[in-house]
Amino acid sequence: MRSMKGLRGKKGVMVIKVDLEKAYDRLSWSFIRETLIDVGLPNEMIGIIMKCIESASLSVMCNGSATQKFFPSRGIRQGDPSLPYIFVLCLEKLSQFISREVEDGLWKPSTVSRNRLGISHLCFVDDMMLFAEVNTKQMDIILKCLNVFCEVSGQRINVAKTKILFSKNVSTSLANSISRNNGFKVSKDLGKYLGVPLLHQRVTKQTYSYLLESLQKKLAGWKFNNLSLADRITLCKSNFSTMPLYPMQAAMLPKHTYNKIEKICRRFIWGHKKGRDKIHLVNWETLCKSKEEGGLGIRSMETMNRAFIMKLAWGVLQENSLWVKFLKAKI
């Protein structure tokens, strides 16, 4: 994202972060059945899957009592571990529409430097990002693909929450014109994708401040008086010290951030309260040692972050996936 923002060539690039309105609830049952048939699943298996989906019933609580049951005609139940796979298979239809337009030369994907590696779309369940060159014709092709998919699947684009990010070499007038024609908001920050911030500028203390806020909210739900020292240590190891691990797999966190996280964990373990500090009986370095070495096996944030970055570096050397090809093409 950061490299895209710095483009200075003649061809501008846009990234569209698409938001599907109630994605799971609007999925058409007939579309699901057609998708499963196209995949080539046996009829018996398709029948079992559709029976699980179509057997859902709903009732509404009104004045303390449930109304008579009624049966929906679309949507899949969230919480079922198998249904996200069904949704991914259905979303593959949109991916096929986009790939067909790219192969026909109509959709111009974002290319990496002089290398012709192009990226047209990224999808993870209902999180979608679309990449294309900037012009009104390209936007018409993008909208055509989205509209065709929505028509056959029952989905609907949430225009209010869908955002567009333009590279710096796109004029303000062209960006505003494209935004007015489709209703998508022009944004300088697409927020997060898969729970990780999409970085468009230099990392600062504020970039990962949401991690500290999440930890504080977690702490607010626990009462120190009801927890023993062993309970607090267990919660710290299983909950608080693991929350930052996911974003650590994508970037190096600022030193201030993981120092602050460890400080929150230390204060929680030793039972600090507002206006009432307690003595730390054992230093933090000792607690982070393994149990065999006399510690508690609490993870050091800096050590874990460095380990994840080394894993990424190993992936660059050994893997041949899309993200590796993208990085190598930028070198």
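## Helix packing and aromatic pairs

In α8, the residues L229, R232, I233, L235, C236 and F240 meet C265, F268 and I269 of α10, where contact means heavy atoms within 4.5 Å. By class, this contact of α8 with α10 has eight nonpolar residues, no polar and one charged. The model is predicted, with local features needing pLDDT of at least 70 and side-chain atom pairs counting only at pLDDT 80 or more, while totals for chains, interfaces and linings use all residues. Numbering starts from 1 along each chain as its sequence is written, and side-chain values use heavy atoms, without hydrogens and water.

Helix α8 spans residues 229-240 and helix α10 residues 255-269; they pack at an angle of about 155° with axes 9 Å apart. The two are therefore roughly antiparallel (angles over 145 degrees). The crossing of α8 past α10 is right-handed.

Three aromatic pairs occur in the structure; rings pair if their centres lie within 6.5 Å, and planes over 60 degrees apart count as edge-to-face, under 30 as stacked and the rest as tilted. Two of the pairs are described here.

| Pair | Centre distance | Plane angle | Class |
|---|---|---|---|
| F31 and F149 | 6.1 Å | 80° | edge-to-face |
| Y208 and Y210 | 6.3 Å | 35° | tilted |

F31 lies in helix α2 (residues 29-39) and F149 in helix α5 (residues 136-153), 118 residues apart, so this pair links distant parts of the chain. F31 is buried at 3% relative accessibility (buried means under 20% relative accessible area), and F149 is buried at 2%. Y208 is buried at 1%, and Y210 is buried at 15%.

Note on methods
Axes are lines fitted to C-alpha atoms, for helices over the stretch in contact, and angles run from 0 to 180 degrees between N-to-C directions. Helices (H or I, at least four residues) and strands (E, at least two) are DSSP runs, numbered from the N terminus. Angles under 35 degrees count as roughly parallel, over 145 as roughly antiparallel, 65 to 115 as roughly perpendicular and the rest as oblique. A crossing is left-handed if the near helix is turned anticlockwise from the far one by less than a right angle, and right-handed if clockwise. Ala, Val, Leu, Ile, Met, Phe, Trp, Tyr, Cys and Pro count as nonpolar, Asp, Glu, Lys and Arg as charged, and the others, Gly among them, as polar. Rings of Phe, Tyr and Trp (its six-membered ring) pair if their centres lie within 6.5 Å; planes under 30 degrees apart count as stacked, over 60 as edge-to-face and the rest as tilted. Buried means under 20% relative accessible area, exposed over 50%, partly exposed in between (1.4 Å probe, protein chains only).
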